[in-house]
Amino acid sequence: ASLAQDGCDYVRLTGPIVSSLTGEDPTPPYLEAGFNAYRSPSYSPETDTWVVQYTGFCTEYDAGVVEIDIYWTMAKMFAFISLVLGGGGALFLWFSSCFVFGPGTWRWAGYEVLAASIFQCLAFVWFGTGLCRAGDGSKCRLFFGSKSDIVATVFWFVSALFIFAKYPPPDAESAARAGNLVDQHGLAIGSPAMEIPVVGDIDAKMPAPLGDGLHTELEMT
C-alpha cells in the first residue's frame, strides 16, 4: 500500500481550509492531501470540471497556514514503523521459500506482521489533526492512500493469523539445501548420536580418537 501512494493522496480535503492553502480564485472544491504535501485540481473550461493532473508535483504545506500538531507527528511515526515491520515481515515470508526457519523464528515473524497491522491502524489518528478538524467545516474523507492502508492493515492481520495457525514443515529437498534434517514438527534432527559408555559398565570402552586410528594404520603399513 505504501508503494502505491505518492505522498499526497491520503485524504480528500474539503471546506474553507482549501482556500487558505491554495489562495486561488476560483477556489478548488477539494484538495488531495497527504502526510507531507497536497495536490490541487485545475479547472478545465472545456469540460467545466475540476481535473487533477497526476503527472505534476505535490505542493508542500505552508507552515503559516497548517500546524503540524501531535496527531500529525504521531501518525507519521506510526506509519513509518508499520512500513518497516510490514516490509520486514514480507521479506521474511519471501526468504522462507528458499531457507528453512524453525517454529520459533516463524512465530516471531507472526508477531512482527501483527505489530505492523496494529501500527498501521494507529496511523489513522491523522484524521484528528487540525487540518481535518479546523472547526470551520473543513473535513477529510477517505481517499486512495487511506483506503490502501485499510487494505494493508487487513492483509497484515490475516497474514499474522495464518502464521500463528500453521507452521509449514520444510520438505526434504529444502532441508537438504539448508544442510538440516527436520522432523514432522519442524525440529532440527542432528546426526546419529555416538554411543557414550554408561557409568558403572565395566566393559565400557571409550572409542579411540581419530588420530590414534590414523597412526595405527600408518604403523601397520
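Good morning. I begin with Phe 164, which is partly exposed, at 23% relative accessibility. Please keep in mind that this is a predicted model.

The ring of Phe 164 is paired with the ring of Tyr 111: the two centres are 5.2 Å apart and the planes meet at 50°, so we call the pair tilted. Tyr 111 is also partly exposed, with a relative accessibility of 37%. Which parts of the chain does this pair tie together? Tyr 111 belongs to helix H3 and Phe 164 to helix H4, so the contact joins parts that lie 53 residues apart in sequence.

Let me now turn to the aromatic pairs as a group. The count comes to 16 aromatic pairs. Among them is the pair of Trp 106 and Tyr 167, which is edge-to-face, with 6.1 Å from centre to centre and 80° between the planes. Trp 106 lies in helix H3, residues 103-122, whereas Tyr 167 lies in the loop between helix H4 (144-165) and helix H5 (172-178); the pair therefore ties together parts 61 residues apart in sequence.

Are these two residues buried or exposed? Trp 106 is buried, its relative accessible area being 12%. Tyr 167 counts as buried as well, at 16% relative accessibility. The reason is that buried means under 20% relative accessible area.

Two further features deserve mention. One aromatic cluster is formed by Tyr 10, Phe 35, Tyr 38, Tyr 61, Trp 72, Phe 124, Trp 126 and Phe 127. Finally, a charge meets a ring: the charged end of Arg 12 sits over the ring of Tyr 30, at 4.0 Å from the ring centre.

Thank you for your attention.

Definitions and conventions
Residues are numbered from 1 along each chain as its sequence is written. This is a predicted model: local features need pLDDT of at least 70, side-chain atom pairs count only at pLDDT 80 or more; totals for chains, interfaces and linings use all residues. Side-chain values use heavy atoms; hydrogens and water are left out. Rings of Phe, Tyr and Trp (its six-membered ring) pair if their centres lie within 6.5 Å; planes under 30 degrees apart count as stacked, over 60 as edge-to-face and the rest as tilted. Helices (H or I, at least four residues) and strands (E, at least two) are DSSP runs, numbered from the N terminus. Buried means under 20% relative accessible area, exposed over 50%, partly exposed in between (1.4 Å probe, protein chains only). A charge sits over a ring if NZ of Lys or CZ of Arg is within 6 Å of the ring centre and within 35 degrees of the ring normal.
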